Amino acid sequence: MAGELSVSRDARLAMYRTMVECRTFEERAQQLFFEGLVRGTTHLGNGQEAVAAGFAGAMRADDYTFCTYRGHNHTLARGVPMAPIFAELFGRGSGLMGGKGGSMHLTSVEHGAMGSYAIVGAHLPIAVGAAWSAQYRKSGQVAVCFFGDGATNIGAFHEALNLAAVWRVPAVFVCENNQYMEYTAIGSVTAVERPAADRAAAYGLEAIVVDGNDVRAVHEVARTAIDAARAGDGPALIEALTYRHGGHSRADPGKYRPDAEVQAWLARDPIPAERARLLAEGVREAELARIEAEATAAVAAAEAIARDGPEPDPATLETELWSDGGSAWRN
Amino acid sequence: MAELTYRQAVAAGIAQEMDRDPLVVFIGEDIGAAGGVFKTTEGLFERFGPERIRDTPISEQAIVGAVMGAAMTGLRPIGELMFSDFFAVAWDMVANQIAKTRYMTDGQVSLPLVLRTANGGGLRFGAQHSQSVESWAMAIPGLKVVAPSTPADMLGLMAAAIRDPDPVIVCEHKALFAVKGEVPDGEHVVPLGQARIARPGSDCTIVALAAMVPRALEAAERLAAEAGISAEVIDLRTLIPLDARTILDSLARTGRLFTVEENPRVLGWGAEIVSIAADEGFDSLDAPLVRITAPQVPLASAAVLEDLAMPSVERIAATVRRRLDEAR
């Protein structure tokens with residue numbers, strides 16, 4: 001079915017740019033982790049950019065994104081500026097959340113990035129609630145919820161899918177099946193072959209599997225599902241097959257994955273694949289090189305701004321627990 | 001003034017706020033046409049319809065998660081957890097998600113939501129349908145906690161909880177549902193964070209919550225009649241925000257402080273109260289601070305055992321009298 005929906009040249013280039021920006025950002029984030037500037041932990045999305053870019057390109061500016069602790073790509077893809085994201089990773093007061101959230105909780109409500117959730121599966125019911133709210137308010141918004149393959153075996157996944165289906169809320173659930181939960185292959189601990197798609201029938205939903213490394217295929221299923229949800233046709237569950245180029249988190253080298261498997265997936269890297277396709281369609285090499293150079297420059301500029309950002313003001317330790325801006329619990 | 005039961009006051013409080021604000025919506029198990037398993041939501045479905053009053057499957061994580069997602073996107077949702085014990089099923093949503101999200105996002109996300117639940121013991125339901133979980137919620141930064149003891153407070157605190165811009169847990173005591181009381185006419189709102197002196201007194205202060213308030217009041221009457229002891233009873237009403245000022249002011253007048261909780265002993269809310277009193281009311285103390293609690297065991301089902309576990313009027317009165325005698 002790929003190619004049924006028309007995608008403009010500008011839109012194709014925009015999605016390519018998003019993928020390149022994500023990759024460039026993540027590669028730099030990893031280097032900065034090894035240099036000790038990024039503390040704590042990071043869960044990089046290298047290799048999975050096509051899912052983020054394909055969906056973001058199909059969303060309305062006021063649609064909602066819910067994603068996981070592997071959420072840098074999805075946050076960037078909604079247009080959140082790089083500098084405050086870097087600053088958040090560095091623990092700076094100029095960070096996206098003032099240093100109170102960190103890598104695993106990137107949120108920018110003004111961009112529709114409604115949070116990165118670090119407890120596996122937790123955000124699926126929350127996305128149902130946002131979609132229910134859009135339905136109740138008749139706002140026409142859609143909630144798109146990204147999660148890993150590991151989330152399909154947790155209770156919240158099933159509770160959320162059932163409720164979303166019963167209430168026919170405008171939510172699109174996207175399983176980024178990167179084949180491994182953390183260090184264990186999803187297939188070795190799951191009763192079905194396709195951890196998300198094979199469960200779709202249980203909730204009266206169509207089983208949709210897409211090549212998650214093909215940004216155009218992703219974009220097409222995204223548009224179909226989002227448009228249907230917006231039209232009142234209820235939720236969708238999509239399983240995007242992909243692969244993370246690195247380990248689960250931090251310095252994990254991912255040695256539990258067979259070399260041949262890794263090499264096969266690296267050969268299917270979504271970015272060179274899309275680059276070759278764009279060239280074949282007549283986009284000039286110089287135009288793609290310019291996009292890549294601009295991404296590199298943007299990442300460098302954002303890093304410099306973030307490095308110059310201040311440490312958090314100690315006075316902010318006890319702010320913003322409550323809506324009055326404070327944290328008082330007694331008189 | 002109208003007389004309502006505590007049970008009717010739940011629905012009256014919700015109805016008052018749903019009339020006032022079309023963004024208030026309400027979900028839970030059996031809350032719609034069935035009117036709730038405790039009949040606390042009777043009439044709401046007929047009055048406000050299926051868009052605003054929605055039955056859910058038995059999916060506590062989905063209920064609480066959906067309430068959060070709706071709150072962060074412009075609604076003012078209420079979710080019911082049928083028994084407070086079921087909070088344990090959805091504790092990730094409550095403790096990790098709802099409580100922390102505003103702080104973690106540095107104020108980007110507001111969560112004006114209410115989670116209401118039937119809390120507490122005394123109905124012989126056994127250990128998994130009788131707990132008092134208000135101290136669990138109190139321990140998590142980012143949650144407000146309400147536990148009314150009268151129909152008027154039930155209505156007024158429910159209204160305040162729904163209007164509050166932050167997450168509020170409303171603990172409705174299931175042993176109080178049939179209690180009747182006067183409720184003011186017209187719109188009624190009781191601000192969060194204001195304790196009520198339910199009975200003035202001069203010899204000691206007894207701090208209680210929810211179903212322990214009527215027991216403390218009856219114990220105070222007996223102490224007056226049988227021993228000439230004048231006990232002041234404070235109904236805390238809300239744990240977070242905590243009205244420590246009213247407690248410390250009372251302690252300054254009476255010099256003696258007792259807390260009455262049906263929670264197991266360790267780290268119940270009374271521990272925080274006596275900690276504050278020891279720290280900030282030390283100069284007022286004429287005697288040791290005394291916590292009256294359940295023992296550190298789950299609640300048993302048999303009447304004899306459950307009654308033995310929960311502070312009774314007799315135990316409250318006897319404890320106060322003994323400790324005051326010792327201090328003389």
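Here is a walk through a predicted model, from the sheet of chain A to the interface and then to chain B. Local features are reported only at pLDDT of at least 70 and side-chain atom pairs only at pLDDT 80 or more, while totals for chains, interfaces and linings use all residues. Residues are numbered from 1 along each chain as its sequence is written, with chains lettered from A and ligands numbered from 1 in the order in which they are written.

Let's start with chain A. Helices (H or I, at least four residues) and strands (E, at least two) are DSSP runs, numbered from the N terminus. Six strands make an open sheet in the order E2-E1-E3-E4-E6-E5 (chain A), with parallel pairing; two strands pair if DSSP finds at least two bridges between them. Strands of a sheet pair through backbone hydrogen bonds, either parallel or antiparallel. At the edges sit E2 and strand E5 (208-211) of chain A, each pairing on one side only. Ignoring direction, neighbouring strands of this sheet are turned by 20 degrees against each other on average. Angles run from 0 to 180 degrees between N-to-C directions, and axes are lines fitted to C-alpha atoms, for helices over the stretch in contact.

Strand E1 (residues 64-68) of chain A runs parallel to E2(A) and is joined to it by three bridges. Thr65(A) has Ala113(A) in E2(A) as its bridge partner.

What packs on these strands? H5(A) lies across E1, E2, strand E3 (143-148) and strand E4 (171-177) of chain A, at about 170 degrees to E3(A). Helix H8 (residues 215-230) of chain A also packs on the sheet, touching E3, E4, E5 and strand E6 (236-241) of chain A. The direction of H8(A) makes about 170 degrees with that of E6(A).

On to the interface: 38 residues of chain A are in contact with 42 residues of chain B, where contact means C-beta atoms, placed from the backbone, within 7 Å. On the chain A side, strand E2 (113-117), helix H5 (123-137) and helix H6 (155-167) each give two or more residues. The largest share, eleven residues, comes from H5(A).

As for chain B, its secondary structure comes to eleven helices and 14 strands. Its radius of gyration (over C-alpha atoms) is 20 Å, close to the 20 Å from the globule rule for 328 residues, so chain B is as compact as a globular protein of that length. That rule is 2.2 Å times the number of residues to the power 0.38. The C-alpha trace of chain B spans about 60 × 40 × 40 Å along its principal axes.

Methods: Contact = placed C-beta atoms within 7 Å.
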